[in-house]
Structure formats: C-alpha cells, structure tokens
Amino acid sequence: MGREDSHYRPDGGAARGTGRSGSGGATGRVPVPDAHLPRAAEPSPPAPETVPERPPPLPWRPPAGSAPVAPNTGRFPTLDGNRPTSAPPGGSAAIPTSPARPPSGDESTIPIPTGAPPLGPPISALPASAGAASPPAPTGAEPLPAPAAPRRRLPVVLALVLLLVLAGVGVGVTRPGPVAGWLGDDAGPASTAAGATAEPDPSDVLAGPDPNAPLPSPDGVRAALDPLVGVADLGDRVNVSVADVTSGHTLFAKGADDGTVPASVTKLATAVTVLAARGPGYRIPTRAVAGAKPGEVVIVGGGDPTLAVDKKGYYPGAARLDDLAAQVRTALGGVAPTSVIVDGSIYSGPVYGPGWDDDIPTGGSGGAVTALMADGARRDPGVGQGSAERVTEPDLAAGRSFARLLGVPAAAVKRGTAPAAAAGGATPAAGTELGVVQSPPLIRLVDVMISESDNLLAEALARQVALARNQPASFDGAAAAMDAEVAELGLPADEIALSDGSGLSRRNRISPSLLTDLVRLAASPDHPELAGVFGGLPVGGWSGTLNERYRDAPGTGAGAGTVRAKTGTLTGVHAIAGLVTTADGRLLTFAVLTDQVPGGREEAQPALDRIAAALASCGCR
C-alpha cells in the first residue's frame, strides 16, 4: 500500500461490503437545490449549461449548545516535519485574523483566523516572507468578468495566505494571537535556552498567489485539459471540476455534478463538517468515574483515537492514560482500585463500515471503530499509517492498559456503562468524576487526518459531527449528520451520499463540483473556522501522499510545490482535490475523480497528476 491514503490492492478488488446499507439517500439526505454556492456557467459548447442561482454560504456561528473550551496552560508539543501543523511560529510576520469575539457571561471563546489557505509545503515545513508586499498587477492584466450569480467577492485577504514556516527539530516555536489559544500554547514568546544561538529568520521558499493575476479563460483551460482527461489510463469515467478561488467562476467542468467514488478525498468533507460542527478548538475528553462498587473504576471513551498509553504514543501531544491513572489514584485517596469497566456506549452500530473491502480490518489501513482506543488501535505505536497491525477489540485493549497503570489485573477488565451520579453513600459516590484528559484541539486532529490520511481518525471525527448534531455516533448517524452539515453550510447536499467518513467505503459518492465548493468555502472570510482544512494538505513533490509524486513522471514536474491536495486511492479508484497556483500566480481549486480505472496506480496516478500540473504550468488565457 505504500504511503497511499485509502486502500489499494494491486491484485484487484471488488466492492465487497458488510451487507449493511449506508446512509446514501435513505437516511439524513437533505437536498437543497437552491442552496448552492454560485458557480459560473459550464464552458461546454455548443451551448453553455446554466447553473441555478445560489445564495452565498451562511456565516459561521458557534455550534449550538457547545461547551466552551477551557484554556490549556500547558505547552502543546511542536510537531516534526513529517506531521504538518496548522499554525506558524512567531516572528515579525503576522497572520490575518478576525477580531476576537467578546466572552458571553463566563464562557470563553476561541478567536478564529481568517484568510486564504496556505500554499506550498506543510506549514511546519516551509517559510514565507515576513510582511512581504503583494506583487503589483501585471501590465495589461485582464479585468475579472462579472460573476454569473450575485455573491460576496473575496477580499484581497485571500492573497495574504497563512504563513508557511520552517520548524526544525528542537527549535522552540510560538504561535501568535488566536492560534496559540487553539493549540494551548503560552501567549508569550518561546524562551531560548541559556547559551543557545538564536535561530535565524527563515528565508523565502515559495511565493504566495498573486491577487492581481489574470483569470484563466474557460477556453484556455479546456485547451490544456481536454487532451489529458480522456486518456485510456484513467478509464471511461473521469469527472472534473476546476474553479477560481477568488471569483468562484467555473473554468472547466466534465461530469462535475456527478456523484463519483471519492476514496480518501472524502476526508475533505469530514474535515469541513467537523470544524463547522464542533469548532477548531474543541477537544475530545476521556473520563474516569467511580463505579457502582467500591474500588470499581469506569473509563468512559469519548471518541479520541489519538489517546496514548504513555509518552511513547504514536500521536504527538496526545492525551495519556498514565495521566488519567494518576488523577484517579489521587481522587481515590487510599482506596485501591479493584476492577475497570470500559464504557464505549457513546458509539453504536457495527464497528466496520459498509462497503469496506473484506481485508481492511487486517490490512493496516483500517480497523474496528470504537469510542475508546489507544494509538489508533495499533499493536505497536511505533508503526505508521498504512502498515500498522490493529487490535481487534481496541476498547478492551485500552481498558487493560489503563488497568495495568492502576495495578488492576487484566482479568478484572470488562465492558459496561458508567453509573449515574449518586449522592451520599460510599466515598467517592458512584458516578463521581475521578479524572479527565483531553485530546489535542480539532484543528490539530484535522491536520493529522489529512496529512497522514488517517482512516480511524477520520471515522472518529465523522462521529463528532453526529454527536454535535444529536445523531447516533455510528456509520449511519455520522453520514446523516455530515449530509445535514453540508446543507446547513449552504452547499448542495444532493451531491454527496456517504457511508463512512474515511473514504474506505466504495458506496460513497461525491461530485467534483461539491469538492471545489468545499475548498472555496473553507477559503472564505465568512467561514474562518474552516481554514484549518488547509494546514495538512499534502504538497506535490514534498509531503504526505504527494511526497513521491510530481517528481519524475513526465509532464508532472510543474505541480511540484504548486499543487496542494488530498488524494484518494482504492483499487480501480483514483482521486485528487485541492489547490493549484497557475504560472501567472492565480489560485485555483480543482477536483478530479475517476472510479473505473482499468489498470494500476503506476499508470493512473501520473495521468491524474498531469491534469493538475497542466493547470500549474499555464496561464490558460
């Protein structure tokens, strides 16, 4: 499987499911034909197709009934270069931000950044100039045509991309302004160790997009892409959408509104909906409460798959069971724990997804989805995504690790539910909270999910959408909640039908135009809470699932460093969606989905990459 993000088998594979129907169009579908983002007419001769007028997307509101996020006074560990973060370090450069919202009563609020997505390598890996001025408009630049439908034009802030910075190993990093609040960093600058030499300011590596760059013409884009989208290596069903991020104009459309198997590109929808439903600062709790019997401890899983047993966990900065055990021992005083009950009842339904291939549970790219697990259910937390053997009962495995930390034998661990809080009686009373640890904020979890294409993390985040919308935390409930969240954001929910949140399911369908709508929405200043989608996007020839692509294959080199996108691969399915900067510096969003590929990835992926590289290499005017 290599480093790819979903599930690929060179020997071929059929769509073998579990026999259970997904949400599809039967559960939670919310068709909103008039709630689309405005798209310009598709440039297809002889007569362009007209698109119904769509109102602008709704502005962000804090999730209804959501609890305020308590500030974390500890320092969130800096991620290394292989795990991009969404936040730049401090320095002379500033991040465009929206003013912090004033607290309501005693509740704290989390300021959210505004602005366009970052371009180029992962934010933890590359620098951007400090306070660099936007380049002047090219001489003779063509004026932008009027949009096809009334919309709010994105301001020049789209050009002030989130800064890309070099975070070397061992370098202290601070994150100014609201980003520090999300990530739990101290507000002050990082202190330099005594006698240590200060790191120099990073140099420029990639230029940002030019807000005054000329808009490509539909004819120019068609001339560049038509020869590429019909090649035999991509099969008979290649659906494509290309749009301008700033104006929203559709520049190329081929089957753009047709639902197509997206594979791991599904994670873009998961990222947008969870950030909208929960907010970027939300943390997933794992709690311990007193059981009904003296000495009984109940560990209550909240759906955090990044939970670690100790400091050797797989996910940087994860909540830890040894910390939770220490809190429990303190809360119990001299009472020795005698048994551990594992409560994962916040989740319901099957643990494996509908439409998953039969070998996914044992193939290293997926596993049982339970509300309590440690290190993404890995047997060995040192093994990365795509090749990690997973335990078959992650909840009990985590419960036994917790019991060991409490000095409780593994035989005294079983499943159950936490008792309701009771007054009086034994001390502590049944249901009394004995301790709690919390995951990294969602903005970090989204980064990891996208950059590593982490399937179990994606399923956990999809269930957070369900919980936020008071839906069952199951495959069906998560799919229905994501559909509803897409509709509430003003996007065409009739162009998405999901059965899981990771993209492992062959029953998923998403249209390319919905994916480009999602990217444009996340870049909009009306939805600053969605900007975290971009931090973990792999970069062509540089990082993540694009690390080895846009390098040696003929016709793909122009995409190195200029394509930033989420990929998806199942046997017979290849997809990519994200951002690309043209030769003139214009920022475009694109999605290419093909689900009837006759051959293997060796032929299909270069053919797919040539499409985005063609956009990067031309002005297409």
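**Exercise 1. Decide whether Trp356 is buried or exposed in this predicted model.**

Solution. The relative accessible area of Trp356 is 3%. A residue counts as buried when this value is under 20%, and Trp356 is therefore buried.

**Exercise 2. Classify the aromatic pair that Trp356 forms with Phe475, and state which parts of the chain it ties together.**

Solution. Begin with the general principle: a pair of aromatic rings is described by the distance of the centres and the angle of the planes. By the pairing rule, the model has three aromatic pairs. In the pair of Trp356 and Phe475, the centres are 5.7 Å apart and the planes stand at 85°; since rings pair when their centres lie within 6.5 Å and count as edge-to-face when the planes are over 60 degrees apart, this pair is edge-to-face. Trp356 belongs to the loop between β5 (339–343) and α5 (394–406), whereas Phe475 belongs to helix α8 (residues 475–488), so the pair ties together parts that lie 119 residues apart in sequence.

**Exercise 3. Describe the surroundings of Phe475.**

Solution. Phe475 has 2% relative accessibility and counts as buried. Ring pairs link Phe475 with Tyr352 and Trp356 into a cluster, and Arg463 lies over the face of Phe475, at 4.3 Å from the ring centre.

**Exercise 4. Check the length of helix α9 (residues 512–523), and find how many of its residues are buried.**

Solution. At 1.5 Å a residue, the twelve residues of α9 should span 16 Å, and the end C-alpha atoms are 17 Å apart, which agrees. As for covering, twelve of the twelve residues of α9 are buried, including Asp517 and Arg520.

How values were computed
Residues are numbered from 1 along each chain as its sequence is written. This is a predicted model: local features need pLDDT of at least 70, side-chain atom pairs count only at pLDDT 80 or more; totals for chains, interfaces and linings use all residues. Side-chain values use heavy atoms; hydrogens and water are left out. Helices (H or I, at least four residues) and strands (E, at least two) are DSSP runs, numbered from the N terminus. The expected span of a helix is 1.5 Å times one less than its number of residues. Buried means under 20% relative accessible area, exposed over 50%, partly exposed in between (1.4 Å probe, protein chains only). Rings of Phe, Tyr and Trp (its six-membered ring) pair if their centres lie within 6.5 Å; planes under 30 degrees apart count as stacked, over 60 as edge-to-face and the rest as tilted. A charge sits over a ring if NZ of Lys or CZ of Arg is within 6 Å of the ring centre and within 35 degrees of the ring normal.
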